[in-house]
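Let's take a walk through this one together, starting with what holds the chains to each other. Have the viewer open as you read.

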There are 2 protein chains.
Amino acid sequence: MEIVLTNDDGIWAIGLRTLYKSLINAGHQVHVIAPLTEQSAVGHAVTLSNPIRIKYVKNSNIQGIGVSGTPVDCVKLALTKILKNPPDLLVSGINNGANVGVDILYSGTVAAATEAALAGVSALAVSIDNFSPTDLNDQAEFVCRLIKKIDWKKFKNRVLNLNFPNLPLNKVKGIKVCPQTQAIYKDWYEERVDPRGRPYFWLCGYIPEENLSPKSDRAYLSKGYITLTPLNFDFTDKKLLTQLQIEIDNNFEVNNKEVK
Amino acid sequence: MEIVLTNDDGIWAIGLRTLYKSLINAGHQVHVIAPLTEQSAVGHAVTLSNPIRIKYVKNSNIQGIGVSGTPVDCVKLALTKILKNPPDLLVSGINNGANVGVDILYSGTVAAATEAALAGVSALAVSIDNFSPTDLNDQAEFVCRLIKKIDWKKFKNRVLNLNFPNLPLNKVKGIKVCPQTQAIYKDWYEERVDPRGRPYFWLCGYIPEENLSPKSDRAYLSKGYITLTPLNFDFTDKKLLTQLQIEIDNNFEVNNKEVK
C-alpha cells in the first residue's frame, strides 16, 4: 500500500521511526511527513497565521519531510501539495502516551488521522500507554499485521484508533473493539514560583478509575488489552436538535428586543 | 447567572469586550478568563509542556484575567483554579469568523465551550461569519436574550454552537436549529519565496458551495440565517463498532506473527 506516516511527537521520535522501518519491511511505500518539533496535545490545531517551512530529512533511521507545523498541517500538506494522488492509508504514530476517551480531543496523533479521514483517506491512529517507550518493534509489527487484516474500504471517512497497553506484546491479553470512555480528567494546576519570584501554573490530571465504564477503551487498556475504536466526527447531537428546535420556536424572535 | 467568558481571539478582541459589556448590562456576574494573545485555529490544544502565566487586566472596556495559553487552558484554569464553584454557564466568543462544519474541529472558540461541557458546565460558543467585524453590539444583545431564553438544564454536557451571518441583525432572516455541514474544505498551499530566497507555504481553502447540504449550518449562514447547533463529543462510531468486531474476531491474534 501507499502510506503517509506522521505523528505528533515529531519526525525524530522512536514511535515514528520504528513504525517506518516495519512498514518498509512489510513492503509498503511510505511517505513520512511529520512535524519537525514535538506537537503533543495540540489537538486539531492548524497553522493559518504563519507560513510553513519544510525540510528534507534523511539518515539511517528515517527518510521524509519535516514540517514546521502541527500534525494537521502535515496531513494537509501531504494530501494537497506533496503527494500527487491520495495515498491508500494514513498512519499516525506510534504516539508516546495513550489516546483514549477525551484524549481524542486533545491529541495531535488522532487529529492527523481525523484530517485524513475527513479528506476521504483511510486512517489509523496508533498510541501506546507509555510516555517513554524504549522498544516498539513488536507493536510496529503488530500494526503492519493489522493494516493487512482490515478491509479499509469498510471504514471510509473514519479513524481507527488503536492503543497498546504498557506491556510487552507477549504479555498483552488480547484486542478489544470498544467505545471510548466518557470519563473525563480530574484536572488541577500546581502553582510554583520561578527563579525570578514570579508565579506560574502547571497542569496536572488523571482520569479517576472509578468513573470508567468497564467496557471502554481506558478500562481495557489499563487491564492489559489492546483497544481499537472506530471514530467519526459528526458532532451534531441529533436527539437534541429536536429539543432545541422546540425551545427556539416558542416565540423567540431574532430582532424582537422586547423579549428580554 | 454566573458566567465565565472566554474566546480564542484574545482578551483584547472586539467580540469579547462587546459581549462582556452586554452580559454585565443584562445583570450577569461575568468572569473574563481569556488568552493574552490570539489563539485562532488552535483546536482543543492544551499546554502540557510549558508553564502557564496569568495577568490581571483592567481598563474601561474589560476586566479579567489574561492567560498565556490556549482557550482550553483558560477554561481548565477557570474551573479548577480561579472559580471556587462551577459557573452557571461558559460563553466563548464572539469569534471573528464562523465556526461551522469542520471548523468545529479547528476552532479554539468551540474547544473552550467543549472543555466546559465535558466538565459538566453548560456552554455556548458564539461566532460571526466575518473576520473583521467593527460593531457587534446587536449580536451581543441577541446572545443575552438567547441565554435567558434557553433552559440550560436540558443541554448538560453539550455545546450550543451559535453563528451569526455577516449581516446587520435587522437584515437577518431568522434563526435555524440545524446540523453541522459534512462538507470539507478544498485546501491548497500557496508557495512563496521569502526576502532571503527561501520557500514557504501558506494555507488557503474554502468549502465548495456545491458540496453543502442545504439544511446545514454553513448553507443557512450563507443565506443570512443565524444558526444554532447542539454538539456532543462522543466520537465512537457505534454502527462501525460491530463491523470492526467482525473484522477483528475472524482469526486475528495479537501475538500470532505467522498471520502476515
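## Ground rules

A salt bridge here is a side-chain nitrogen of Lys or Arg within 4 Å of a carboxyl oxygen of Asp or Glu. The model is predicted, so to speak of local features we need pLDDT of at least 70, and side-chain atom pairs count only at pLDDT 80 or more, while totals for chains, interfaces and linings use all residues. Residues are numbered from 1 along each chain as its sequence is written, chains are lettered from A and ligands numbered from 1 in the order in which they are written, and side-chain values use heavy atoms, with hydrogens and water left out.

## Where the chains meet

One salt bridge to look up is the one between the side chains of A:Arg53 and B:Asp194, at 2.9 Å from N to O. Between chain B and chain A the count is eight salt bridges. By class, the side of chain B that touches chain A has 48 nonpolar, 20 polar and 24 charged residues (Ala, Val, Leu, Ile, Met, Phe, Trp, Tyr, Cys and Pro count as nonpolar, Asp, Glu, Lys and Arg as charged, and the others, Gly among them, as polar).

The contact (heavy atoms within 4.5 Å) draws 92 residues from chain B and 92 residues from chain A. Together the chains bury about 8,700 Å², 62% of it on carbon and sulfur atoms; buried area is the accessible area (1.4 Å probe) that two parts lose on being put together, summed over both. In chain B, the residues losing the most area to chain A are B:Arg145, B:Tyr189 and B:Phe235, together 10% of what that side buries.

Is A:Asp187 buried or exposed? A:Asp187 counts as buried because its relative accessibility is 15% (buried means under 20% relative accessible area, exposed over 50%, partly exposed in between, with a 1.4 Å probe and protein chains only). Its side chain joins that of B:Lys76 in a polar contact of 2.6 Å. A polar contact is a pair of N or O atoms within 3.5 Å; within protein, one must be able to donate a hydrogen and the other to accept it, and residues adjacent in sequence count only if both atoms are side-chain atoms. Leaving out residues up to four places away in sequence, A:Asp187 also touches others, including B:Thr80 and B:Glu115.

Over in chain B, B:Asp187 counts as buried at 16% relative accessibility. The side chains of B:Asp187 and A:Lys76 are joined by a polar contact of 2.6 Å. Among the residues B:Asp187 touches, not counting those up to four places away in sequence, are A:Thr80, A:Glu115 and B:Leu203.
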